[in-house]
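Biologist: I am new to this one, so please take me through it step by step.

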Amino acid sequence: MTTHARRARQFLANKSRADWHDRTLWFVRQKRDRIAATVPEWENLREQASRIKKEALANLDVYLEQLETEAIRNGVRVLWAKDAGAFNRIVLDIIRQHGAKNIVKSKSMLTEECGLNRFLHSKGIEVVDTDLGERIIQFRQEMPSHIVLPAIHLKKEEIGETFHEKLGTEKGASDPSYLTQAARRHLREKFLAADMALTGVNFAVAETGTVVVCTNEGNADMGVHAAPVQVHCMGIEKIIPKQEDLGIFTRLLARNATGQAVTTYTSHYRKPKPGGAMYIVIVDNGRSKYLGHPKYNDSLKCIRCGGCLNTCPVYRRSGGHSYGYVIPGPIGSILAPQKDVQKYRDLPFASSLCGSCSNVCPVKIAIHEQLYFWRQDLTRQKRTSFIKRFSMKATGFFLSENTRYNFIGIMARWAIRYVPRGLLYLPFNVWGRGRELPAPPAQSFKQWYRRRVKS
Amino acid sequence: MKKHKIGLFVPCYIDMFYPQVGIATLELLEKLGQDVVYPPKQTCCGQPLANSGSEQEALATYRNFVCNFRGFDYIVTPSGSCACHVRHHYAILEQTEDVKKVRETTCELCEFLTDILQIDDLKIRFPHKVGIHNSCHGLRGLGLASASELIQPRYSKLRRLLEKAEGIELVELDRNDECCGFGGTFSIFEPDVSVKMGKDRIDDHERNGVEIITAADMSCLMHLEGIIRRQKKTIQVKHIAEILNCNSL
């Protein structure tokens with residue numbers, strides 16, 4: 001059994017929680033459907049967004065340098081990181097240069113991907129995650145289970161317990177607004193004391209040198225406005241060429257992510273505040289390796305809305321942690337093998353290939369097709385199990401020729417009819433774990449047809 | 001109605017385990033005046049291998065398919081998934097005239113009826129509460145119905161064919177087009193999620209009072225039936241070809 005399948009089984013062992021997880025995310029998907037339907041040009045927006053991203057990626061070298069030039073003109077310091085290690089060291093250097101002690105960070109999947117918090121912790125520096133969901137999982141020392149709703153695997157009672165332990169809320173209290181107020185007071189202190197703010201980046205506009213950050217809690221702004229030093233961390237693929245392109249993406253992002261018309265805050269950061277410093281750190285960390293790949297480069301269009309997670313029937317029933325990669329769900333299953341193909345080799349198989357992800361994707365990444373391609377490549381590279389490859393070879397032998405094919409059918413019908421149930425449903429019959437085998441008919445269609453032609 | 005020369009493709013699992021679906025498809029097409037031939041040496045479209053990542057091992061099966069099905073006006077099959085596979089994934093074969101023709105003319109049964117023959121009233125009586133299971137590849141790969149994710153006018157070729165049946169009640173579901181969890185070898189390699197997805201689909205149909213779940217793909221129904229029988233439920237499954245071929249008025 002693959003790692004994902006094993007973890008999914010654990011997740012499903014708690015039926016009521018699994019059902020709740022499925023229902024909660026399906027509710028988000030429905031909200032998305034309703035609000036997307038209010039935009040008659042929705043499909044056209046998706047097409048435009050895809051086209052803009054494609055063009056930006058095809059000319060990324062030009063746009064990244066334009067972004068740098070414009071940002072420097074605005075008084076921003078721009079730094080480049082080849083990989084996670086370089087990125088972490090750059091952030092550490094900035095922290096040390098400014099002697100920052102109290103660091104707040106709004107949501108950034110990139111810093112999760114690079115393990116920034118862990119790295120800084122090892123250097124004796126603590127970063128406070130200020131997104132509520134992120135803060136919750138930071139308290140609990142867990143990974144996010146969703147890229148937009150990082151604590152969606154937790155119920156309010158569990159959050160109540162964590163807050164009781166960490167923030168001294170009343171024991172047993174689980175009222176969401178009570179808990180939110182407690183988090184708010186706690187985070188206010190952190191904001192007021194902050195001397196450096198880290199943020200992720202949703203979009204970087206090459207033409208203006210601006211970075212755009214979308215949040216619902218305003219936590220990016222609270223940090224950036226309170227702290228003298230602001231550091232914005234972006235992957236190279238966050239580029240959009242023009243300011244006028246931005247509207248297409250902001251119209252799609254929140255609608256597709258959470259079913260809101262727009263995120264509560266869409267913040268444009270252009271230049272440092274008087275007496276302050278602003279940095280943009282541009283990170284590759286393996287992205288450029290797939291930039292020129294004819295099949296997989298489409299995945300770089302992703303704007304991290306999480307829509308494919310919400311719609312994925314497998315994700316909803318296996319939970320974000322079952323994927324074992326920082327970005328779970330369908331998009332994670334095509335990004336993870338780009339990072340480490342051996343480690344994440346089972347993820348492209350953790351899908352029924354239903355294609356809902358591709359239909360939901362606001363930038364039209366054909367996610368399920370990429371999953372299909374990865375499966376082919378993983379087999380070709382012999383990264384799938386020997387047994388699987390051998391059984392597929394054998395199946396191919398039997399399916400490719402009429403007589404052999406007929407033999408298999410006769411054997412299968414015979415086995416289901418005559419092999420004692422106890423033997424037929426031994427554990428190796430994985431199908432039979434939750435399902436009956438089909439009742440064997442007296443004859444196949446082929447046998448029936450032969451008799452019909454004769455008579 | 002124009003008479004076409006049709007090659008009938010009966011997918012492997014239908015041939016082996018659900019011959020009645022192949023028979024219903026054949027009879028229905030003949031009733032509609034079509035010239036139907038069943039090439040006797042056909043086997044499988046190769047999808048089970050390819051979806052498992054073994055496209056290379058499927059090439060011989062692809063070639064066998066093309067070899068058996070060249071020379072027809074249309075290749076009709078009671079499976080959206082297989083039709084989708086032939087149309088989209090035979091792209092890795094050398095695109096000879098035969099391969100191109102086979103890819104272009106392979107149709108799922110319902111789309112053949114509504115798009116090529118342009119009929120939707122089959123003059124049948126089917127007094128049952130029926131729930132339509134929208135199989136994924138037929139839905140999103142062939143466009144047998146509008147997918148719920150896309151903002152587009154709603155339509156369904158299956159519904160069009162069924163709704164004229166006398167006495168039928170087509171039941172609305174809570175989740176109109178969620179995957180049943182079969183997914184070929186996904187059902188074997190991810191058994192727990194697969195079965196859970198199937199159970200949730202069945203629950204949706206049961207909750208809304210469905211007697212019979214129908215679909216354009218027997219593979220989904222085989223998976224759902226396996227769960228139904230294991231759980232000793234009374235709800236039934238029936239391929240849409242069997243309904244469309246039932247007691248003509």
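**Domains and overall make-up**

Biologist: Which domains does the domain assignment of chain A give?
Modeller: This is a predicted model, in which local features need pLDDT of at least 70 and side-chain atom pairs count only at pLDDT 80 or more, while totals for chains, interfaces and linings use all residues. Residues are numbered from 1 along each chain as its sequence is written, and chains are lettered from A and ligands numbered from 1 in the order in which they are written. Domain bounds come from an automatic or database domain assignment. For chain A the assignment gives domain 1 (1-37 + 295-384), domain 2 (39-285) and domain 3 (386-454).

Biologist: How far apart do the C-alpha centres of domain 2 and domain 3 of chain A lie?
Modeller: For scale, the C-alpha trace of chain A spans about 95 × 55 × 45 Å along its principal axes. Between the C-alpha centres of domain 2 of chain A and domain 3 of chain A, the distance is 54 Å.

Biologist: How many helices and strands does chain A have?
Modeller: Helices (H or I, at least four residues) and strands (E, at least two) are DSSP runs, numbered from the N terminus. Counted that way, chain A comes to 22 helices and 10 strands.

Biologist: Is A:Lys364 buried or exposed?
Modeller: A:Lys364 sits in the loop between α17 (356-360) and α18 (367-380) of chain A, and has a positive phi of about 55 degrees although it is not a glycine. A residue is buried if 20 or more other C-beta atoms, placed from the backbone, lie within 10 Å of its own, exposed if 12 or fewer, and partly exposed in between. A:Lys364 has 20 C-beta neighbours inside 10 Å, so it counts as buried.

Biologist: And A:Lys382, is that buried or exposed?
Modeller: A:Lys382 lies in the loop between α18 and α19 (386-399) of chain A, and its phi is near 55 degrees, a positive value in a residue other than glycine. Because A:Lys382 has 9 C-beta neighbours inside 10 Å, it counts as exposed.

Biologist: Which residues does A:Ala220 touch, leaving out those up to four places away in sequence?
Modeller: A:Ala220 is in helix α11 (residues 219-226) of chain A, and is buried, with 29 other C-beta atoms within 10 Å. Two residues are in contact if their C-beta atoms, placed from the backbone, lie within 7 Å. Under that rule, A:Ala220 touches A:Ser106, A:Thr199, A:Val213, A:Thr215 and A:Ser267.

**Where the chains meet**

Biologist: What is included in the cover over the buried residues of α22(A)?
Modeller: In helix α22 (residues 445-454) of chain A, the buried residues are A:Phe445, A:Lys446 and A:Tyr449. Seen down the axis, they fall within an arc of 95 degrees, so they line one face of the helix; the arc is that of the directions from the helix axis to the C-beta atoms. The face turned away from that buried side carries the exposed residues A:Arg451 and A:Lys454. The cover over the buried residues includes α20 (402-418) of chain A together with α1 (12-17) and α2 (19-31) of chain B.

**Helices that pack together**

Biologist: Which residues of α20(A) does α19(A) meet?
Modeller: α19(A) and α20(A) pack at about 110 degrees with their axes 6 Å apart, where axes are lines fitted to C-alpha atoms, for helices over the stretch in contact, and angles run from 0 to 180 degrees between N-to-C directions. Angles under 35 degrees count as roughly parallel, over 145 as roughly antiparallel, 65 to 115 as roughly perpendicular and the rest as oblique. The two helices are therefore roughly perpendicular. From α19(A), A:Phe397, A:Phe398 and A:Leu399 meet A:Arg404, A:Tyr405 and A:Ile408.

Biologist: In chain B, what classes of residue make up the contact of α11(B) with α12(B)?
Modeller: Helix α11 (residues 191-207) and helix α12 (residues 218-230) of chain B pack at about 80 degrees, with their axes 9 Å apart. That makes α11(B) roughly perpendicular to α12(B). Among the residues in the contact are B:Val195 of α11(B) and B:Leu224 of α12(B). By class, the contact has five nonpolar, two polar and two charged residues.

Methods. Nonpolar A, V, L, I, M, F, W, Y, C, P; charged D, E, K, R; others polar.
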